[in-house]
Amino acid sequence: MLWGTTAFGLIIVIAVIIYLVMPDAPAPAPTGTPSLPISDATGAQNGQTTGGTTYMVPISSGASIATKDFLRDPATVSDPVNPGYYYLGYHQSTGPADATAMADPPYVIAYIATTHYFNIGLYQEPIGQVRKEAEQYLLKMLGISQEAACALKYMVSVPEDVNAIYASQNLGFSFCPGATILPK
Amino acid sequence: MLPLVAHATAIPFFGQIVPTEAQTCAAGFGAFAQVVNNIIAFAITIGIVFVAPLSIAYGGFLYVVNPVNPSGRAKANKILLNTIVGIVIALAAWLIVDVVLTVLTVTDTKTEGSVDYWSGKLFGDGSAEDCLLTDAQISNEALNQAPATGPGPTTGSCPEGYTQNGSSCTSCNEGDTECSYTLPYGSSCSGGGTFVSTTGQCQVCTEGDEGGCTTSSPVSTYATNTGTYGVSGAQCASDNTACSVSSLESAGYSSSQANTMSCIAVIESTGNPNTLPYNIAHPTSNSTACGTFQIVQTTWKAYASGSCTDFSNCTSAKCNTETALTMISKNGYKDYTCATCNSKAQGCIDKYK
């Protein structure tokens, strides 16, 4: 009995050790509307990167938040019409087809590099669900916490033709203090 | 946080196999162990509650229908014996798991070097996470990555001597066998305690306290942007160069025009110039509204000039700004206040005129 118990314990210990030293599983991708590709960015250094994979995003307080180098992510496209504008994931495009361009995107996350500002537009109902999807995508793309996201320079809003009630407001991220609670 | 399988799951078990806590994240060891526990408990439950009674009933049935047939009685004997042995083995296996896991995870505070040493080493405070740690919580040491050598943050929040490394602060010196870690970037242990980089939590341990260490999540030190959420009449943020008040004023708008149109841009396009003509996304519509201020093609043709004349420029922030200024200068805001145009534009005009 003692030997059996000891052997069984050893098997558990070995299994646990193997499990602990295994590499981490990737985080789940955003769900709901068609999921967008997010790669592990491995870009070279530039004026705002550290270590080649990190991008420093200044926030309103004057400090900076370290994010993944999302500008080098294949799912990020620059706006050929508006220099310095980037779209993280979904966007509209009349130019060459790319993986994340679509005629009627559920949301658009624009990043204006000159001012380090994120503009998130919700373009489909239900806007509560679409906002969550946009948030999850942005958090994953930047690799930051919800607390850090709340400190970004950003705005979340919905056009009047999508939802006349919640238009004309900065809705905020759902997890940030003071954000507008939207119907699910 | 889920206690680390200190006891096997109670039997009979008819609960959900996958814990609720682990259904929204990548499962960690705690969830994995709980799932294994639940599967074992469920299998034993099925065996004892359903299979075993049916087998015993069938054995009894064979006895009844074979009162004098030796082979039939032998078969019934074999079924009953196998059923009882199966129950004993299944319960014994469960009992062994319960005993082993209890022994391995119970804290032994009296004997130094007892089994608690390695279990504590593996699982910290004797518990395991339901979810895998996020990048922000996992130190580079745990990821087997090389120490960070890049420059620190442009405006530092890491303590002196520490280098920002992702969302953590790292201190590595030549010759060190391992790096030192401090709080995640932008967090603090404001409630006291020591930051544990492997768990991403603040930990307070009291000597002699049988309750063990208490843990809490670091508190964010980021200044949250608040105060403008949900306020009707919102304008484009000051950093949105497509439609902020300052951007429009720089383009020649009066203060009143800039404030009003910045508000209208939020309602029309969320301040995003990259909105193609509406009927591209909605083919059943005749509307060609496009760009930051959602100017339709006929209106664009009437007021756009220079390099912006062609409607293909309708997603240009610069052309939108110029064309809209010409439009409102000559025509006021009536393109936005017509009966079926925009129910909220009048609010912007009233608020900022």
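Biologist: Let's start with chain A: what share of its 184 residues counts as buried?

Modeller: The figure is 48%. Keep in mind that this is a predicted model. For chain B, with 353 residues, the buried share is 35%.

Biologist: And what does "buried" take for a single residue?

Modeller: A residue needs 20 or more other C-beta atoms within 10 Å of its own.

Biologist: Then take Asp98(A). Why is it called partly exposed?

Modeller: Asp98(A) has 13 C-beta neighbours inside 10 Å. Exposed means 12 or fewer and buried means 20 or more, so with 13 Asp98(A) counts as partly exposed.

Biologist: Where is Asp98(A) in the chain, and which residues does it contact?

Modeller: It sits in the loop between strand S5 (85-88) and strand S6 (107-112) of chain A. Leaving out neighbours within four places in sequence, Asp98(A) is in contact with Val77(A) and Ser93(A). There's also Ala75(A), 23 residues away from Asp98(A) in sequence, with 8.7 Å between their C-alpha atoms.

Biologist: Let's do the strands. What makes up the secondary structure of chain A?

Modeller: Three helices and eight strands. Read from the N terminus, the order is α-β-β-β-β-β-β-β-α-α-β. Five of the strands form an open sheet, in the order S4-S5-S6-S7-S8, and the pairing is mixed.

Biologist: What makes S4(A) and S8(A) edge strands?

Modeller: Count partners. Strand S4 (76-78) and strand S8 (153-157) of chain A have a single partner strand each, so each has one side without a neighbour in the sheet.

Biologist: In which sense does S7(A) pair with S6(A)?

Modeller: Those two run antiparallel, joined by six bridges. Ile112(A), for one, has Tyr117(A) as its bridge partner. S6(A) and S7(A) make a hairpin with four residues between the strands, and in it His116(A) takes a positive phi near 55 degrees.

Biologist: Why is S7(A) described as largely enclosed?

Modeller: Six of its six residues are buried, so S7(A) is largely enclosed by the rest of the structure. Check both faces: Tyr117(A), Asn119(A) and Gly121(A) are buried on one side, and Phe118(A), Ile120(A) and Leu122(A) on the other.

Biologist: On to helices. Why are H5(B) and H10(B) called roughly antiparallel?

Modeller: Helix H5 (residues 255-269) and helix H10 (residues 345-352) of chain B pack at about 155 degrees, with their axes 9 Å apart. Angles over 145 degrees count as roughly antiparallel, and therefore this pair does. The crossing is right-handed. Residues making the contact include Cys263(B) and Ile264(B) of H5(B), and Cys348(B) and Ile349(B) of H10(B).

Biologist: Last one: which residues have the most contacts inside the largest nonpolar core?

Modeller: Tyr107(A), Ile109(A), Leu138(A), Met261(B) and Ile264(B), in a core of 84 residues. Helix H2 (residues 127-142) of chain A gives the most to this core, with eight residues. Leu138(A) touches Leu88(A), Ile109(A) and Ala149(A), not counting residues up to four places away in sequence. In soluble globular proteins, nonpolar side chains tend to be buried together.

Methods
Residues are numbered from 1 along each chain as its sequence is written. Chains are lettered from A and ligands numbered from 1 in the order in which they are written. This is a predicted model: local features need pLDDT of at least 70, side-chain atom pairs count only at pLDDT 80 or more; totals for chains, interfaces and linings use all residues. A nonpolar core is a set of buried Ala, Val, Leu, Ile, Met, Phe, Trp, Tyr and Cys residues joined through C-beta atoms within 7 Å. Two residues are in contact if their C-beta atoms, placed from the backbone, lie within 7 Å. Two strands pair if DSSP finds at least two bridges between them. Axes are lines fitted to C-alpha atoms, for helices over the stretch in contact, and angles run from 0 to 180 degrees between N-to-C directions. Angles under 35 degrees count as roughly parallel, over 145 as roughly antiparallel, 65 to 115 as roughly perpendicular and the rest as oblique. A crossing is left-handed if the near helix is turned anticlockwise from the far one by less than a right angle, and right-handed if clockwise.
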